[in-house]
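I opened my notebook to record what I could look up in this structure, taking one topic at a time.

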Amino acid sequence: MAHECGCNAHSAAATQGGGAAITPDLTVGDVAHHYAGTLDIMKKMGINHCCGAHLTLREAAASAGVGLEVLLDALNRPAAAKS
């Protein structure tokens with residue numbers, strides 16, 4: 001699905017629900033929207049969806065003091081990666 005302005009910002013997240021891995025360059029908002037269970041994981045790790053939805057996972061992990069690989073591993077577990 002292309003973003004309204006044509007930038008394709010949301011196309012990666014929209015296609016990810018088919019089983020592809022969650023990557024560091026997706027935004028917190030896109031991951032929370034497209035992957036069931038991920039919002040709870042991010043909250044437990046101190047990532048604020050409300051104020052940080054525009055941040056990439058890479059930026060959000062750094063801001064929360066969480067290792068990027070730790071975050072990605074948690075988000076990519078089979079239970080979290082289902083949409």
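Is Cys51 buried or exposed? I looked up the relative accessibility of Cys51 in this predicted model, and at 58% Cys51 counts as exposed, because exposed begins at over 50%.

Next I looked for disulfides, and the count came to zero. Cys50 is in no disulfide, since the nearest cysteine sulfur, that of Cys51, lies 4.5 Å away, whereas a disulfide needs the two sulfur atoms within 2.5 Å.

Then I turned to the protein as a whole. I found seven helices and zero strands in its secondary structure, and reading along the sequence gave me the pattern α-α-α-α-α-α-α. The protein has 83 residues, and buried residues make up 33% of them. For the accessible surface I wrote down about 4,800 Å², of which 56% belongs to carbon and sulfur atoms. Among contacts with a separation of 6 or more, I noted that 51% are between residues 24 or more positions apart.

Last, I picked out Ala32, which is found in helix α2, made of residues 28-34. Leaving aside residues up to four places away in sequence, I listed Thr38, Leu39, Met42 and His49 as the residues that Ala32 touches. For one of these, Met42, I also looked up the spacing: Ala32 and Met42 are ten residues apart in sequence, and their C-alpha atoms are 8.6 Å apart in space.

Note on methods. Residues numbered from 1 in each chain as written. Predicted model: local features only at pLDDT ≥ 70, side-chain atom pairs only at ≥ 80, totals over all residues. Heavy atoms only, no water. Buried < 20%, exposed > 50% of the residue type's maximum accessible area, 1.4 Å probe, protein only. Helix = DSSP H or I, 4+ residues; strand = E, 2+ residues; numbered from the N terminus. Contact = heavy atoms within 4.5 Å. Areas by Shrake-Rupley, 256 points an atom, 1.4 Å probe, with all protein chains shown as cover.
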